[in-house]
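My notes follow the order in which I looked.

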Amino acid sequence: MKIKNVQAFEIDFSRVKKKIQAPYVRQGLEPAGPMAPYADAKGQRSRVGARWKNVACIVEADDGSFGVGLTHNSGPVLAIINDHFRAQLVGEPVLATEKCFDMMGRMSAAYGSHGLTSFAISAVDLALWDLKGKLLQRPVYELLGGPQKERIFCYATGFDLEWYLELGFGAVKLPMPYSPQDGIDGLYRAEEMVAGAREKIGNEVELMLDCWMALDVEYMVRLAEILAPYRLRWIEDFLLPDDLTGFAAVRQRLPGQGLATGEHWYLARPFFAAAEQRLVDIFQPDLRWVGGLSAALRICHIAEAAGLDVVPHGGMNDPYGQHLVCAMPAAGWGERSGGVSPPGVPLADVVDLPGTAVIEDGYLVPSDAPGFGIEVDRAWLEKAAL
C-alpha cells in the first residue's frame, strides 16, 4: 500500500475542547528563559515566543485510512511539509517508516534538517507510525517490540504541588523563575522555593527543577550547590542547547548532581555526542520536535548503550510519548507538563487528542487500540482546523 497524500494544516484545540488557563498565568508566575538578560523580556517568557500555531499532519493511504501527527510552529513547518516533503513522499510504501524518515533528513540537508525542519519531520513521522499501526491493527508499542513495563511512573511539572500529590503523583518538577540577572538574591529565592516544596511534599516524593535555558555555567553551579540539601533528582535544561562545552564544564564541576537536557536537541546526533562525553544523565527529547518516533527510538538505543536514562519532554501529554516509554527499557518515567491541570480539574479534561490515555494515581497505561489510539475522524479534524 502506498502513501496517497501528505497534508499539514494549522489546528486550534480550543475549537474542540474547553480552554483551561495555564498555571503560570493563574498564579502570576513566569518561568525564566533565554531572553532573561533583556529587561523588556524578563518574566515574559510566553510573550517573546513565536506566535505560530499548532500543526496537524495527515498521512493518507490508498484505501483512505490515515494517521495523525502533531507538532508546532505552523508558519515554516507547513511550507516544509506541504511544499517540499509531500511531493517526494507520495507514492512511497506506507509501512516504510525508516525510508521515509531517512528521506526527509536527506532532502532537507541543504537548508538544515534540525530545528524547525525537525518539527516538520516529527509531524510526518508520527502520522506514518499512527497509520502503520492502524493498517496492521496493532498498537504502536507492539510494533516497537511490545510493552517493556506494565505501567509508566509519571511526574507532574508546575507549581500546584498539593494538587499533584492529591492526584497521586510520586514526583514533581518546579519551573525555575530566577536567572543570573537576579544575582545572589535569585539564588536565595530559588532556595526558598525549593525548600518550601520539599517541606510540602516530604522526603518520599522526588523533586526536580527545570531551568529552561535561562542559566550560565557559573550560576548553575552555584544554584546546585545551594540546593544540595534538598536532594533534587535532577536539574534540567540549564544552558542554551548548543553550548556543549558549557554542559561539559557543569558536568565536571557537579559530578554528584543529576543533570538532564535534550528537549531542544533535534534528531539523534546531538544525543550521541552527549552520550560519548556523558554530559548529562538523562535525555529529554520531545517527540513532536526531535524528529518523531523514529528519532526517539534511535535516542533510546543510544542512551541504553551508554547507561543513560530517557524521560521524554511532555511524554505523557499525548499518545506518542506514552507508547515510546511503554516499550523502551531506557525510558523509565513519564512527564505530564503543559500545565497538568488546575486544582480540582480532572486530568482527563486537559487531554488534547481524544483516545489519549490518562494518568491515574501517578501511573499510566497506554491505549491498546491500533496505532497510537487517537480517536479522531475527519469531521473532528475539520472542526479543529483554522
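The entries below cover a helix pair and then the cysteines.

**Ground rules.** I note that this is a predicted model, in which local features need pLDDT of at least 70 and side-chain atom pairs count only at pLDDT 80 or more, while totals for chains, interfaces and linings use all residues. Residues are numbered from 1 along each chain as its sequence is written, and side-chain values use heavy atoms, with hydrogens and water left out.

**Helix pair.** I looked up helix α4 (residues 116-136) and helix α11 (residues 292-306), whose axes come within 5 Å and cross at roughly 90 degrees; helices here are DSSP runs of H or I with at least four residues, numbered from the N terminus. That makes α4 roughly perpendicular to α11 (65 to 115 degrees). In contact, meaning heavy atoms within 4.5 Å, I found Ser122, Asp125, Leu126 and Trp129 of α4 with Gly292, Leu293, Ser294 and Leu297 of α11.

**Along α11.** Just after α11, Gly307 takes a positive phi of about 75 degrees.

**Cysteines.** I searched the whole structure for disulfides, that is, pairs of cysteine sulfur atoms within 2.5 Å, and 0 were found. The sulfur of Cys57 is too far for a bond, because the closest cysteine sulfur, in Cys100, is 11 Å away. Cys57 counts as buried, at 0% relative accessibility. For Cys326, the closest cysteine sulfur is in Cys154, and at 11 Å this is too far for a bond; Cys326 is buried, with a relative accessible area of 4%.

Definitions and conventions:
Axes are lines fitted to C-alpha atoms, for helices over the stretch in contact, and angles run from 0 to 180 degrees between N-to-C directions. Helices (H or I, at least four residues) and strands (E, at least two) are DSSP runs, numbered from the N terminus. Angles under 35 degrees count as roughly parallel, over 145 as roughly antiparallel, 65 to 115 as roughly perpendicular and the rest as oblique. Buried means under 20% relative accessible area, exposed over 50%, partly exposed in between (1.4 Å probe, protein chains only).
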